[in-house]
Amino acid sequence: MSLYTIATLFLCILTFAAAAVRDIHMFQLSSYRYSRYFRWLVPANIFAKNRIYAAVLCAAFLVAGKLQALFALVMFTIITIDIFKSRKKEKTPLVFTKRVNRLYTTAIILYTALAAAVAFLAAQHAGNVQVAAKHASLYPGIAAAALLIFSDFIVLAANFVNTPIEKAINRHYYNDAKKIIESNKGLVVIGVTGSFGKTSTKNYLAAILAEKYNVLVTPGNFNTLLGVIRTIREQLRPYHNVFIVEMGAKQKNDIKEICDLVHPTIGIVTAVGKMHLETFKSVENIQDTKFELINSLPANGIGIINTDSPYIKNFDRITSSCNIIKYGTDSDASLRATDIQYSASGVTFNLAGEQYSSRLLGAGNLLNILAAIAVADKLQVPVQKQKNAIARLQPVEHRLSMRNSGGVTVLDDAYNSNPQGAKIALETLKNFTVKEGCKRIIITPGFVEMGASQAEANRELGRNIARCADYAIVVNATNRDAIRSGIEEEHMPADKYFIADNLNHAHAHLATILKAGDVVLYENDLPDNFK
Amino acid sequence: MKINVGVVFGGRSVENEISVITANQAMAGMDKEKYDITPIYITKSGKWYTGKALLDVSNYRDTKKLLAMCEEVYMRPIYGDTNLYRSNKGLFQKSVVTKLDVILPALHGTNCEDGTFQGVMEFSGIPYTGCNTLASANGMDKITMKMILKECGIPVIDYCWFSDKEWSDKQQSTIAAVEEKLGYPVIVKPANSGSSVGIRAAHNREEFIEAVDYAITFTSRVIIEKYVQKLKEVNCAVLGNYYECEPSVCEVPVRSGEILSYQDKYMNGGGKQSQGMQSTVREIPANLPQETTEFIQKAACDTFRALSCDGVARIDFIIDEATGEIFVNEINTIPGSLSFYLWEYSGYNFGTLVDKLIDIAFRRKQDASFKAVNYGENIFATKAAGGAKMGSKMGGKFGK
């Protein structure tokens with residue numbers, strides 16, 4: 001092969017390296033699941049930028065002739081700059097974990113091998129059909145560049161190749177975590193799951209139990225099996241006597257997997273709603289998955305469930321013989337809150353003859369507190385200490401938390417919304433007393449990942465917005481029509497709502513109408529691969 | 001899996017050897033089923049060492065030989081880093097000796113008990129037993145301790161205080177002030193020494209001047225106290241934290257000479273190998289009237305709380321036998337032998353005492369983790385620095 005060809009190949013490999021960063025990033029955001037990745041890929045991203053660049057690169061080779069090396073260089077520079085510029089704008093950039101490094105290495109090796117192979121074959125082919133000399137040298141370059149069009153498939157193939165290694169590594173981590181958790185004999189393991197309310201309940205429970213115990217919780221959003229394994233290996237120590245494990249699920253068996261590792265004796269199911277309906281396909285599946293936690297509890301264990309949630313109340317497939325405690329506000333609950341008062345400064349309620357008060361907002365938080373009290377009672381935390389902790393509870397950031405920003409009250413409910421939570425947030429917004437001339441504003445993109453029921457859910461959101469807010473800004477391409485139809489159904493005047501193209505646009509518009517004394521509710525937020 | 005405890009002792013203080021005893025007693029009494037113990041010895045020149053040889057008290061007769069059998073180590077004051085590192089890593093050795101879960105300081109005196117060591121631990125964020133920086137500093141300094149207790153209505157002996165520079169610059173007026181406020185006899189003490197070092201009584205002006213000149217060879221802060229002639233000393237220990245604590249039984253340490261001297265505390269003990277405070281001849285539980293005992297125990301707990309202490313501390317009282325008044329004399333935030341000989345009467349042995357101290361340390365760390373820490377914004381990344389940042393979980397700022 002000529003020097004030209006080698007130089008071109010080398011530049012193609014560099015280009016692949018840059019493009020692969022974005023492909024791996026999307027793959028990471030899809031939780032490394034092929035099906036999720038393909039859902040992102042087709043049809044929206046078939047014409048992604050890097051594919052277009054690669055195609056242009058091939059065409060450039062065909063046209064430019066001996067200038068192909070120069071062209072490749074120019075193209076590569078443009079692509080690299082573009083990719084790194086778009087990285088800076090991303091909210092959750094690619095995290096270079098060890099797994100990503102392994103994947104990246106394999107992908108580059110794979111591309112290099114494939115590119116060299118097709119380049120060689122192309123050169124052979126050119127020789128066989130006796131193309132003119134000046135054109136013959138183009139063929140390898142075109143072949144290698146064409147391969148760039150399929151960069152993400154190469155990344156997926158590299159992942160496939162790495163699968164045995166990843167499996168072995170994960171197996172090792174799993175066994176290590178198992179050993180660690182089993183060596184802590186007195187450890188009380190509490191599982192918390194639900195379509196929503198998990199993280200808040202987990203944090204409130206930790207604050208209350210910390211009055212008596214040394215508590216470890218799975219941090220942030222580490223609610224997958226790998227996250228739990230990592231928490232155990234890095235943070236679980238012999239002096240912990242309570243371990244609260246938040247368990248998230250994207251498909252059936254996810255929760256059972258975690259329970260098989262940690263063996264909880266207490267389980268809380270906070271709610272069952274129509275979240276992630278695309279992967280679960282049916283509400284029955286969601287119910288079954290959440291209740292994997294309850295069904296894995298031993299006979300002397302305690303299952304604590306929220307019967308205000310209809311899909312929990314009517315669930316009849318509990319197989320464990322553990323003790324079940326029902327909490328909520330309706331008559332079915334044994335742990336039942338009464339005399340409930342909501343206000344902009346929090347909530348007060350009565351439970352079993354005791355008066356409780358908290359600064360947290362909304363009905364959702366009340367239920368979360370009840371779940372935490374149920375556990376604290378069973379673990380014998382004195383009632384006065386429970387009350388002290390509850391009075392000190394602070395909202396989790398972005399989960400209906402409140403802050404003051406330059407005279408404007410911001411209600412931040414930006415985390416993964418669900419129809420229930422949005423309704424509660426809007427009710428809370430409605431409850432705010434504002435001064436004369438001030439507005440209650442909501443900014444939202446609506447609900448995502450709800451499969452068939454997404455449109456109706458967003459319409460209902462629109463209706464609630466019209467009933468509770470004075471002004472609305474809708475930020476979303478997909479949901480805007482559904483939300484708008486709901487808003488109009490409830491006769492909100494057209495000058496009281498605004499449709500924005502993206503968040504920057506929304507903020508620009510907000511700045512024109514905002515005044516000190518206004519209240520702004522941020523409802524829902526979006527990760528990167530859904531636009 | 002056991003809890004990794006680093007027992008730190010020695011130190012750049014006059015009580016270096018005493019702390020060796022305290023630490024070895026603690027390490028002998030700790031439950032080996034629960035804890036993995038790593039002894040860490042700080043030499044008089046401030047270097048840290050670890051090694052099995054540190055567990056045999058007889059090795060300390062020849063420190064040079066002892067240190068040759070150990071390896072030098074250090075910890076980093078980087079938040080979250082609780083590793084003990086080798087100073088001189090061999091080719092095939094790991095740089096980390098072990099990752100510690102909690103530190104048990106068994107250090108006495110200046111540079112140890114006064115908050116300096118505790119401050120280093122706070123930097124690395126590792127849980128540690130005993131008082132934090134604040135309580136250690138205030139407890140160690142006799143002047144600030146008395147100021148705080150007086151403010152809280154806890155009885156202390158009348159006092160004055162001044163600095164060494166004041167003594168040099170304004171000696172006449174200082175003497176006059178002391179004579180007017182207290183009158184003779186007085187006791188002259190360095191504000192921050194432990195174990196009775198630098199302390200002298202003064203019955204007249206001549207003795208006073210001599211005593212102060214002696215005291216300022218040790219310190220820059222001097223405290224003068226009224227000398228209670230006929231006194232009885234009573235000690236009481238307290239175990240707990242700043243919101244919940246229990247007192248021990250009282251003890252009367254028996255003494256030679258006018259004041260309990262260094263000799264009394266550590267060199268006597270009838271021929272036994274030096275066993276620190278344990279071997280001072282003493283009366284436990286103290287033979288006192290019920291209401292005196294109760295008063296002392298309550299005052300001890302009040303003192304513990306007023307100074308925001310954690311862990312175990314020993315509070316030393318003085319009873320003026322002439323008037324019957326009871327005063328808090330001083331507090332030892334890391335008492336010799338962790339005053340385990342007092343706790344035996346409350347049902348603790350060394351093992352369960354250490355268990356409680358370690359539990360208090362973990363709970364303090366956990367309580368602190370629930371307090372909001374607001375690091376504020378990066379003031380360099382404001383509007384002035386080029387445009388408000390929008391997006392990122394909708395945390396953008398409003399206002400023009």
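**Entry 1**

The model is a predicted one.

**Entry 2: strand E5 of chain A**

Next I checked strand E5 (residues 302–306) of chain A. Five of its five residues are buried, so the strand is largely enclosed by the rest of the structure. I recall that side chains in a regular strand alternate between the two faces of the sheet. In E5(A) both faces are covered. Ile302(A), Ile304(A) and Asn306(A) are buried on one side, and Gly303(A) and Ile305(A) are buried on the other.

I followed the pairing of E5(A) to two strands. Strand E4 (residues 266–269) of chain A runs parallel to E5(A) and is joined to it by four bridges. Strand E6 (residues 323–328) of chain A also runs parallel to E5(A), with five bridges between them. Ile304(A) turned up in both pairings: Ile304(A) is the bridge partner of Ile268(A), and Ile304(A) stands opposite Ile325(A) in E6(A).

**Entry 3: a bent helix in chain A**

I looked up helix H8 (residues 151–183) of chain A, which has 33 residues. From its first C-alpha to its last it reaches 46 Å, close to the 48 Å expected at 1.5 Å a residue. Where does H8(A) bend? I found a bend of about 50° at Asn162(A), and a proline, Pro164(A), follows within four residues.

**Entry 4: helix H10 of chain B**

In chain B I took helix H10 (residues 290–306), with 17 residues. Its reach from first C-alpha to last is 24 Å, close to the 24 Å expected at 1.5 Å a residue. I listed its buried residues as Thr292(B), Thr293(B), Ile296(B), Ala299(B), Ala300(B), Cys301(B), Thr303(B) and Phe304(B). What do the buried residues of H10(B) pack against? They pack against helix H5 (142–151), strand E12 (231–240), strand E13 (245–253), strand E15 (311–320) and strand E16 (326–332) of chain B.

**Entry 5: Leu104 of chain B**

I found Leu104(B) in strand E7 (residues 102–105) of chain B. At 0% relative accessibility it counts as buried, because the cut-off for buried is under 20%. Setting aside neighbours within four places in sequence, I noted that Leu104(B) is in contact with Val5(B), Gly6(B), Val7(B), Val8(B), Thr129(B), Leu338(B) and Val354(B). I also checked Tyr214(B), which is 110 residues from Leu104(B) in sequence and 34 Å from it in space, C-alpha to C-alpha.

Two cis peptide bonds went into the notebook from chain B.

- The bond from Tyr184(B) to Pro185(B) is cis, with omega near 0°. I placed Pro185(B) in the loop between helix H7 (171–181) and strand E9 (186–190) of chain B.
- Ile284(B) and Pro285(B) are joined by a cis peptide bond with omega of about -10°. Pro285(B) lies in the loop between strand E14 (282–283) and H10 of chain B.

I then noted residues with a positive phi.

- His263(A) is not a glycine, yet has a positive phi of about 50°. I found His263(A) in the loop between helix H11 (254–262) and E4 of chain A, and at 45% relative accessibility His263(A) counts as partly exposed.
- Gln380(A), also not a glycine, has a positive phi of about 60°. Gln380(A) lies in the loop between helix H16 (362–378) and helix H17 (383–392) of chain A, and at 58% relative accessibility Gln380(A) counts as exposed.

Note on methods
Residues are numbered from 1 along each chain as its sequence is written. Chains are lettered from A and ligands numbered from 1 in the order in which they are written. This is a predicted model: local features need pLDDT of at least 70, side-chain atom pairs count only at pLDDT 80 or more; totals for chains, interfaces and linings use all residues. Side-chain values use heavy atoms; hydrogens and water are left out. The expected span of a helix is 1.5 Å times one less than its number of residues. Buried means under 20% relative accessible area, exposed over 50%, partly exposed in between (1.4 Å probe, protein chains only). Contact means heavy atoms within 4.5 Å. The bend at a residue is the angle between axes fitted to the seven residues ending there and the seven starting there. Two strands pair if DSSP finds at least two bridges between them.
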